[in-house]
Amino acid sequence: MTDDLDDLKSLMDAATPRPDAARRAENLALAQRNFDALQGSRDEPRPTVVTGPKGLWTGVKTMMNAMTSKGGLTATTALVACGFLVLTPQGQDLLRPPSPPQITMTEFDGALGGTVVEEAPIAELRATDDAPLASAREETALKTPEADLAFENFSDAPEVIASGAAPEPSMLPRAEMAEQTSPVLDAEVAESAASSTSRMRVTQQIAQTESLLAAPALVAPGDDRFVAPVTDTEAFANADSNPLQITAETPVSTFSIDVDTAAYAVVRSSLMRGQLPPSEAVRIEELINYFPYDYAAPDANEAPFRPTVSTFQTPWNADTQLVHIALQGQMPAIADRPPLNLVFLVDTSGSMDDPAKLPLLKQSFRLMLDQLRPEDQVAIVEYAGSAGQVLAPTAASERTTILRAIQSLGAGGSTNGQGGLEQAYSVAEGMAENGEVSRIILATDGDFNVGLSDPNALTDFIADKRDTGTYLSVLGFGRGNLDDATMQALAQNGNGTAAYIDTLSEAQKVLVDQLSGALFPIAGDVKVQVEFNPAQIAEYRLIGYETRALRREDFNNDAVDAGELGAGHSVTAIYEVTPVGSPAQLSDPLRYAPSTAAVGSDELGFLKLRYKAPGETVSQLIEVPIMQDSGLESEAGFAAAIAGFGQLLRNPQYLGDWGYDDAIALATANRGEDAFGYRTEAVQLMRLAQSLSQ
Amino acid sequence: MRMMTSDEDLAEAAAAGDGAAFSSLLDRHYDRLFAFCFRLTGARSDAEDLTQDICAALPAKLASYQRRAKVTTWLYRVAVNAAHDRRRKRATYTKATEGWGDWEINRTAANQETHAQLDWLTAAMNQLGDDLRDTLVLILDDMTHAQAAEVLGVSEGTVSWRISEAKKMLRAIKQKEDMT
């Protein structure tokens, strides 16, 4: 065995080239330049401790003498600013995006420790503006031990330092530049962040700019430009908002149901961090469907879900109406549920090493474990650079074994999502027996960077596997490099749901309260098609479901995949419709088109639903007419409030002057029983968004 | 006289601002660092770039140097992390893994006799995952399992496990070759 390594070692030694002499000299010079820049003086080495503080003063004096007063002033201000940013906890906070668990940089010093915040003497630092460099340097020197301490605790602190120091040492022109051309610099940051060829270089550039931009921040703190998280690599799945449709031209609207909730949790985590969510992160249907609704449930012998359609006046427009379509899935007797085969597929790549990721994931799985039955089986597969089975299929009754396996998961390495998926599917297939439900639960921050790098190839792979009858659910963790787009693609193609877990209480909701819905599908490929009556409805607009649109002909094509409905799930879809003759109509009637008025029915439209019973391949049809105004009831009212909230966050173009106040009032009025406080929380989020948007 | 000073003393002096100490420290370790980078990446050009990245950032990272760690351990940790970051930030990951593939093409001076062996090395390194390769490279650099564990920030047991995995894979590759 050792022979193998010895062979390899000698080979390796032979293969390793000598460093290029020119590059060597260049790199050494670069390092030296950066080193000098960090010391704040190019020519003389900074005195070591042995030389003592006297040497310090001498160096400063030499430097001051060599400078013109204007240049000196600029340089010292910049230096103080950099020192403040880099060496004090408050400065670190300025450089850092607001919430701790969103940074995706590799931890250079291991764990992200507790935040050491000391009462830093801002006032003192300010004072040093007047008594320029000398005292600033003193301040810096005094601060050094404390700064060291901070580096230990702030995993990314060395990064920040590196960036602060990396620029060429001529602070003077840069400081001036920062004042004059900050928008340009911003653009540069965005651009370089986008291209991100080399992380180090990019970080340097960004932080260079940040520290420079931040210099005026000393004078005007609170400008939130400086806390914008420019370094994240999040990607969200979304499309343009559904446009207004003219009934006479396109009377039919078709889409797939969506029971994901990820967008709501992402919106919440953004707002809780004090930022409005990026508009592409807001998928309105997921916001609406996050909440449990008390819709009428189907009777025992009916279809697995019951549609309820109501029509009422639009809260934000008195001249239009909302058509509220609710599907309520039946709740099969829990005791009768078939045994479950669960494969936890856990991303243990380096990026998961974050309090909001792997540790939260472990706690979440523990919560879930309590919900399982002795006859259920659990297996765990982890994937990082290479995939591996951590726990062979084990009966859920062997709690300690499973818990120990969960606890043993550790983060490190890159993310080979595909290898993990392949293994998870093969484990799941091995566990499957007749009458059992197999499901893979993929927990990840979404950063798939090894294996199939093409998202289409990955989803093709999953779409292929979905026919084996194994479901795939995706749980997203952490912010910063959350690849929401990939997660959506995986869950939609794998017959599953995507949820985003940002807190333990969200884990409780997804994995405990709504576990049976998340794990037991009662209807597959549920498609919705609405045909509007042009005699009654002039225009309509589907709110949300942008990523779920289907072609009209796909509705009857059973080969086309659509969303699944889980046990007890409810799904809500809302159309805003403009009745014929309403002053709210945005388009003019056509002069030469045949008049459609007064032809027969007073129905607003006709709702058709298709679904497949689990495991079947032929769909069944449900048809319901959409009737005139049926009045607003509480559940629909809350859904409408959330729909309005989502539009406020995403694109308020149809809302007129309806604002957060109205959304809050409407949501509060229709809060209902709200046993778990989800709706109360939503109202709080609306209030937060209101404050943040002002 | 500088050469008599220990790495750790140099590093400490450098962290305190002694430019000469920094210079001689880096000079002392540059070749080893480069060789290490080469082994991590498998391509000369990547190794040069990675070394440059590390050199550029090293002065600032000195602040995080702690006397209790050996300089080489600390330096390797910086290198492993930098390599890791580079891989992550590659626009497409495939480019990074190709390193151990096209490296051989770029190599000009390979003589015929060692050619087959080099093929073997390329193939072997290619098939190991990043974790295994990083770990193996450290061990091949005469580090103990404990030192490698410190560099990688994992437990010693993990290192031992990875090495045995790597050996298993190497053996499998060899067997496959012997069969053909």
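## Overview of the two chains

Buried residues account for 48% of the 694 residues in chain A. The model described here is a predicted one. Chain A contains 23 helices and 16 strands. Where its contacts join residues at least 6 apart in sequence, 79% of them link residues at least 24 apart.

Chain B has 180 residues, and 51% of these count as buried. Its secondary structure consists of 10 helices and zero strands, so that the order from the N terminus reads α-α-α-α-α-α-α-α-α-α. Among the contacts in chain B with a separation of 6 or more, 60% come from residues 24 or more positions apart.

## A helix pair in chain A

Two packed helices are described by the angle between their axes and the distance between the axes. For helix 22 (residues 660-669) and helix 23 (residues 678-693) of chain A, the angle is about 170° and the axes are 10 Å apart. Because an angle over 145 degrees counts as roughly antiparallel, helix 22 of chain A is roughly antiparallel to helix 23 of chain A. On the helix 22 side, the contact is made by A:Tyr660, A:Ala663, A:Ile664, A:Ala667 and A:Thr668. Helix 23 of chain A contributes A:Arg679, A:Ala682, A:Val683, A:Met686, A:Arg687, A:Ala689 and A:Gln690.

Setting aside neighbours within four places in sequence, A:Met686 is in contact with A:Phe645, A:Tyr660, A:Ala663, A:Ile664 and A:Ala667.

## A:Ser270 and its surroundings

A:Ser270 sits in helix 12 of chain A (residues 262-272). This serine has 24 C-beta neighbours inside 10 Å, so A:Ser270 counts as buried. Beyond its neighbours within four places in sequence, A:Ser270 is in contact with A:Gln275, A:Leu276 and A:Pro277.

A:Ser270 and A:Leu685 are 415 residues apart along the chain, while their C-alpha atoms are separated by 10.0 Å.

## Two enclosed helices in chain B

Helix 8 of chain B (residues 130-140) has 10 of its 11 residues buried, so this helix is largely enclosed by the rest of the structure. The buried residues are B:Asp130, B:Asp131, B:Leu132, B:Arg133, B:Asp134, B:Thr135, B:Leu136, B:Val137, B:Leu138 and B:Ile139. After helix 8 of chain B comes B:Asp142, with a positive phi near 65°.

Helix 9 of chain B (residues 145-152) is likewise largely enclosed by the rest of the structure, because six of its eight residues are buried. Those six are B:Gln147, B:Ala148, B:Ala149, B:Glu150, B:Val151 and B:Leu152. B:Gly153 follows helix 9 of chain B, and its phi is positive, near 70°.

Terms used
Residues numbered from 1 in each chain as written. Chains lettered and ligands numbered in written order. Predicted model: local features only at pLDDT ≥ 70, side-chain atom pairs only at ≥ 80, totals over all residues. Buried ≥ 20, exposed ≤ 12 C-beta atoms within 10 Å, placed from the backbone. Helix = DSSP H or I, 4+ residues; strand = E, 2+ residues; numbered from the N terminus. Axes fitted to C-alpha atoms, helices over the stretch in contact; angles between N-to-C directions. Parallel < 35°, antiparallel > 145°, perpendicular 65-115°, else oblique. Contact = placed C-beta atoms within 7 Å.
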